Amino acid sequence: VGILRLSGPAALEAGRMLAPGIPASPTPRHAYLASFVDASGAVLDSGLFLYFRAPHSFTGEDVVELQAHGSPRLLRMLLSRALEHPAVRPAGPGEFTRRAFLNGRIDLTRAEAVADLVAADSEAAVRAAAAGLAGALASRVRGLEEPLRSLHADLEGVLNFPEEAEGADEGAGARVAELRAAADALLAEVGRGRLVRRGARVALYGPVNAGKSTLFNRLVGEERALVDEEPGTTRDVLEARVEWEGLGVTLLDTAGLREAPGRIEALGIARTREVLATVDLAVLVLPPETREAEAQRWLVEAGTTSVLRVASKCDVRGVVEKLGTDEAVSVSGLTGEGVERLRTEMLSRLWGGGAPSAVALVSERHADALRRTAEALSRAESACRVSTLEVVSGEVGLALESLGEVSGTCASEALLDAIFQRFCIGK
Ligand SMILES: Nc1nc2c(c(=O)[nH]1)N(C=O)[C@@H](CNc1ccc(C(=O)N[C@@H](CCC(=O)O)C(=O)O)cc1)CN2
Ligand SMILES: Nc1nc2c(ncn2[C@@H]2O[C@H](COP(=O)(O)OP(=O)(O)OP(=O)(O)O)[C@@H](O)[C@H]2O)c(=O)[nH]1
Ligand SMILES: [Mg+2]
């Protein structure tokens, strides 16, 4: 089916223009079977007609849905007919959700969760977005915003009515410190939020012929990469997407590096370094004959990216002992030995404990606002010690303003434009 959705005061009138058999005051939330007609009255489809009376609808306005058969051509004809009504125009990107927000049906974090849900491409992303839609992040933000607002009110009270409000500023320092810790705790979730939303990126790297591509194929469960005994087989970066315990993971197989590379390979090497700088985890694959000093040089290649060390070709007995460091996971891409353990280790390095779906989806936008909240609270904290109550209250007010950008209680038109611009049309 395809749905034509109308929202606003003229929704019912416009909807009845397309479905003339519908009564003037239809029962709200009742599914009517109706004929949808064109301007001449010719029947275009037989479908379901739904009416949601304001404010009990998704947008909080009158909403009408024409649920037709899913032919895009048919739906375009129904849409053109609807647009002939003088009060009807096409919705902008995210406009339904924006109206739901503006009409107070949902706060900004829940509106954003709608977009997250639509974009979700792993089980963890779906579950985390669904929790956001149900208000998981909203309630945590509220848990911060409400005490912050009452603290601000107390401080302003003492400043403006020193007699009546005497003592309301007592313990302000402790209250500020507690709120700042809560803001920091929420802020700490941004990394996990990013991991769930975008999926993790993990690159295999190491010397030529180490068995990276063989291991890559094992981890992907398909023969994706070419494997050959000739060193330098992989020349470009290869990507494969998998889902582990609900978490989306993009695996990258890179060209092996060596001391004296050829020109083409040298380009591949530059690319590998670039990739290593962008991934969440680098898996260093070292063949059994690698010496410790050499291993250390490889570890440095990854720069600031966290590295998981792997001893490859562990089926080749006798040489394994040489690379007997504790941090290294021994695997054989050939036989599959140790690959499951490696996968578990990769996940725990990426994720740590807890379920990926239980994370609060703190976005970069939220993090930016939360950071400013925490900074203002930190300034308020020191002002409690060295400055006047006016200064403390001013900083608390700023913290409140920044936090309001997360929940939407203090969101500018420009901010809303930026947020809803990313939605698809009709959402
Ligand atoms: N056909 C259809 N499916 C859809 C939507 C839609 O608009 N149309 N949605 C759109 O994105 C989502 C559902 N979201 C909705 C949210 C609230 C209400 C609503 O009517 N709320 C009322 C009544 C609540 C109740 O009965 O419990 C309200 O909040 O007052 C409807 C849909 C997903 N599926
Ligand atoms: N015995 C054994 N041989 C392996 C194993 N993994 C890979 N090989 C062999 O090692 C050679 C190189 O394997 P690749 O997977 O192509 O190695 P690579 O690291 O991708 O190599 P480049 O792309 O050239 O850097 C091939 O002949 C593989 O069959 C393993 O676990 N055990
Ligand atoms: Mg390779």
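Mentor: Start with Thr234. An N or O atom in its side chain sits 2.8 Å from an oxygen atom of ligand 2. Keep in mind that this is a predicted model.

Trainee: How much of ligand 2 does the protein bury?

Mentor: The protein buries 88% of the 650 Å² that ligand 2 exposes when taken alone.

Trainee: Which polar backbone atom is 2.7 Å from an oxygen atom of ligand 2?

Mentor: One belonging to Thr233. Ala210 also takes part: a backbone N or O atom there lies 3.1 Å from an oxygen atom of the ligand.

Trainee: And which residues come nearest to ligand 2?

Mentor: Lys212, Thr214, Gly232, Thr233 and Asp315, out of 22 residues around the ligand.

Trainee: What is the shell like by class?

Mentor: It has 10 polar residues, six charged and six nonpolar.

Trainee: New topic, the largest nonpolar core. Which of its residues touch the most other members?

Mentor: Val196, Leu219, Leu251, Val283, Leu342 and Met346. The core holds 36 residues.

Trainee: Which helix gives the largest share of this core?

Mentor: Helix H12, residues 339–351, with six residues.

Trainee: Back to Val196. What does Val196 touch, leaving out residues up to four places away in sequence?

Mentor: Its contacts include Ser122, Ala124, Ala125 and Ala128. Leu247, Trp351, Pro356, Val359 and Leu361 are also touched by Val196.

Trainee: Which residues does the second, separate core include?

Mentor: Among its 29 residues are Leu144, Val362, Ala383 and Leu400.

Trainee: What do nonpolar side chains tend to do in soluble globular proteins?

Mentor: They tend to be buried together.

Notes. Residues are numbered from 1 along each chain as its sequence is written. Chains are lettered from A and ligands numbered from 1 in the order in which they are written. This is a predicted model: local features need pLDDT of at least 70, side-chain atom pairs count only at pLDDT 80 or more; totals for chains, interfaces and linings use all residues. Side-chain values use heavy atoms; hydrogens and water are left out. A residue is near a molecule or strand if one of its heavy atoms lies within 4 Å of it. A polar contact is a pair of N or O atoms within 3.5 Å; within protein, one must be able to donate a hydrogen and the other to accept it, and residues adjacent in sequence count only if both atoms are side-chain atoms. Accessible areas come from the Shrake-Rupley method with a 1.4 Å probe; for residues, only the protein chains shown count as cover. Ala, Val, Leu, Ile, Met, Phe, Trp, Tyr, Cys and Pro count as nonpolar, Asp, Glu, Lys and Arg as charged, and the others, Gly among them, as polar. A nonpolar core is a set of buried Ala, Val, Leu, Ile, Met, Phe, Trp, Tyr and Cys residues joined through side-chain atoms within 4.5 Å. Buried means under 20% relative accessible area, exposed over 50%, partly exposed in between (1.4 Å probe, protein chains only). Helices (H or I, at least four residues) and strands (E, at least two) are DSSP runs, numbered from the N terminus. Contact means heavy atoms within 4.5 Å.
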